[in-house]
Amino acid sequence: MHKPEVTTYIKREIFNEVFAHLDKPEITLITGSRQVGKTVLMEQLKEHLIRSWKLSSDLIFSYNLDLVRDWEIFQNQAQFIEFLTDRSQKRRIYVFIDEAQKVPEAARFFKGVYDSKVNAKLILTGSSSLEIKAKLKETLAGRKRIFHLPSFTFYEFLAGKEESLAEYLRKRKKITLIDQKKLLGLYKEYMNFGGYPRVVLAKGKEEKRYILQEIYSSYIEKDAIGFLEIKNKTAFNRLIKMLAAQIGQLVNIEELSVNLGVDRNTVERYILALEDTFIIKRISPYFKNPRQEIIKAGKIYFLDLGIRNLALENFINFDEKNDKGMVLENAIFVELFLKLKYKTGDLHFWRTKQGAEVDFVIEKGLELFPVEVKSAIKKRTITTGIRSFIDKFHPSKAFMANLSINEDSVTINKTKIEFIYPFEIGRFTESYM
């Protein structure tokens, strides 16, 4: 007898936080780029409602605004409120709406539904933060909480590959040499193809590249040209390639403007568009004395290395890359940025006019934690940048993320410097965030 297929989902690190918010009256708004798994997350939330809260499935309503039949339901606010009121007379109902920004006058529509005090919890998703800002964010002030869903973190990537190894990494403080080698190999794959769920689960390099191209093309046509109305598609594409080639470097807007043949304002607008559609992220320098530190230029990183490598059409093995240091630095950035996303703290870099620099600085209240990234080191080498930072700010902890040495440390002027593998950065820094 044929058994029905059982769908298994990789639990997202953000899941518990989002699920806890389903008990709150405010609208739960989940944002993220295309194909990062927002729809799957909604399915997980629905299943968990039924299992853990023993909620009857007839109290859960689902709509996908990419479907015409569902989109038509949202053309009349009064009728929709009447429908929800009728269905929620006995118990609270849960209403999941995928791609909610596609509702005509979405902000006014959902504000009216929320303010009607109907006994319904709204859970919405949206693919573009520009659309969210334009249609939902302002009017829904005080009526919603936004959760950003990224592509897979390395831990989620690992759970999709080898769940037992993912749990091992989460729980163990000391990792065996055999497991270290395996984890490093998987981390290099993650740095090459990124964390989009379909890409992670795809078999073979060519299929992974094909899916990445599909995701990227959809982004350009639907977000960039469709919603953002970017006219100069060539310049926009070239900007993405140029930024991909200089991740982790100081951004020179004037230089980009000259090379692209467009004005400075256009470059700024394109960068903002890339940031608001979750392709890149800018970070600013940390400084206390503006005369000593460089305070104007920021750095840009990609939020998914698969997209970055696709832009450069460079999927050669990590060990053969001539820019492996930049790629590793970007991977560490993603991990730190996502760990800080819903915590109180900021992520910066540090660089002085004298040339001393540290790749990342975690600012937590009055405490600072520098993180330096090196693709390989032969011994417990402390960079000039880390030494200068310690002399100036006296942090209690510092981190040297690298692919060669781990489970080791040195102490300089009461600052303990930990040597760690990149896949351990989240575990080591989490308690300080």
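Two strands are taken to pair where DSSP finds at least two bridges between them, and it is in that sense that Ile362 stands opposite Phe369 in S10. The model is a predicted one.

1. Overall dimensions. The radius of gyration of the protein chain is 23 Å, which agrees with the value near 22 Å that a compact globule of 433 residues would have. Along the principal axes, the C-alpha atoms fill a box of roughly 70 × 55 × 45 Å. The secondary structure comprises 18 helices and 13 strands.

2. Burial, contacts and surface. Of the 433 residues in the protein chain, 54% count as buried. When contacts between residues at least 6 apart in sequence are considered, 69% of them join residues at least 24 apart. The accessible surface comes to about 20,800 Å², and 49% of this area belongs to carbon and sulfur atoms.

3. Charge. The protein chain carries 71 positive and 57 negative side chains, and the centres of these two sets lie 3 Å apart.

4. S8 and S9 form a hairpin with five residues between them, in whose turn Gly355 has a positive phi of about 100°. S9 is in turn joined by five bridges to strand S10 (residues 367–374), again with the two strands running antiparallel. The hairpin of S9 and S10 has two residues between the strands, and here Gly365 takes a positive phi near 60°.

5. Strand S3 and its partners. How many of the six residues of strand S3 (residues 93–98) are buried? The count is six of six, and the strand is described accordingly as mostly covered. Both faces contribute, with Ile93, Val95 and Ile97 buried on one side and Tyr94, Phe96 and Asp98 buried on the other. Strand S2 (residues 60–64) runs parallel to S3 and is joined to it by five bridges, with Ser62 standing opposite Phe96. S3 also pairs in the parallel sense with strand S4 (residues 120–126), over five bridges, and in that pairing Ile93 stands opposite Ala120.

6. Helix H7 and its cover. In helix H7 (residues 154–161), the residues Phe154, Tyr155, Glu156, Phe157 and Leu158 are buried. What covers the buried residues of H7? The cover includes helix H8 (163–171), helix H9 (177–193), helix H10 (197–201) and H16.

7. Asn330 in helix H16. Asn330 lies in helix H16 (residues 324–340). Is Asn330 buried or exposed? Its relative accessible area is 0%, and because buried means under 20%, Asn330 counts as buried. Once its neighbours within four places in sequence are left aside, Asn330 is in contact with Ile247, Tyr301, Phe302 and Leu305.

8. Asp23 in a loop. Asp23 has its place in the loop between helix H1 (15–21) and strand S1 (27–31). Leaving aside its neighbours within four places in sequence, Asp23 is in contact with Trp53 and Arg92. Asp23 and Met191 are 168 residues apart in sequence, and their C-alpha atoms are 37 Å apart in space.

Conventions. Residues numbered from 1 in each chain as written. Predicted model: local features only at pLDDT ≥ 70, side-chain atom pairs only at ≥ 80, totals over all residues. Heavy atoms only, no water. Helix = DSSP H or I, 4+ residues; strand = E, 2+ residues; numbered from the N terminus. Rg over C-alpha atoms; globule rule 2.2 N^0.38 Å. Buried < 20%, exposed > 50% of the residue type's maximum accessible area, 1.4 Å probe, protein only. Contact = heavy atoms within 4.5 Å. Areas by Shrake-Rupley, 256 points an atom, 1.4 Å probe, with all protein chains shown as cover. Lys, Arg positive; Asp, Glu negative; His and termini not counted. Charge placed at Lys NZ, Arg CZ, Asp CG, Glu CD.
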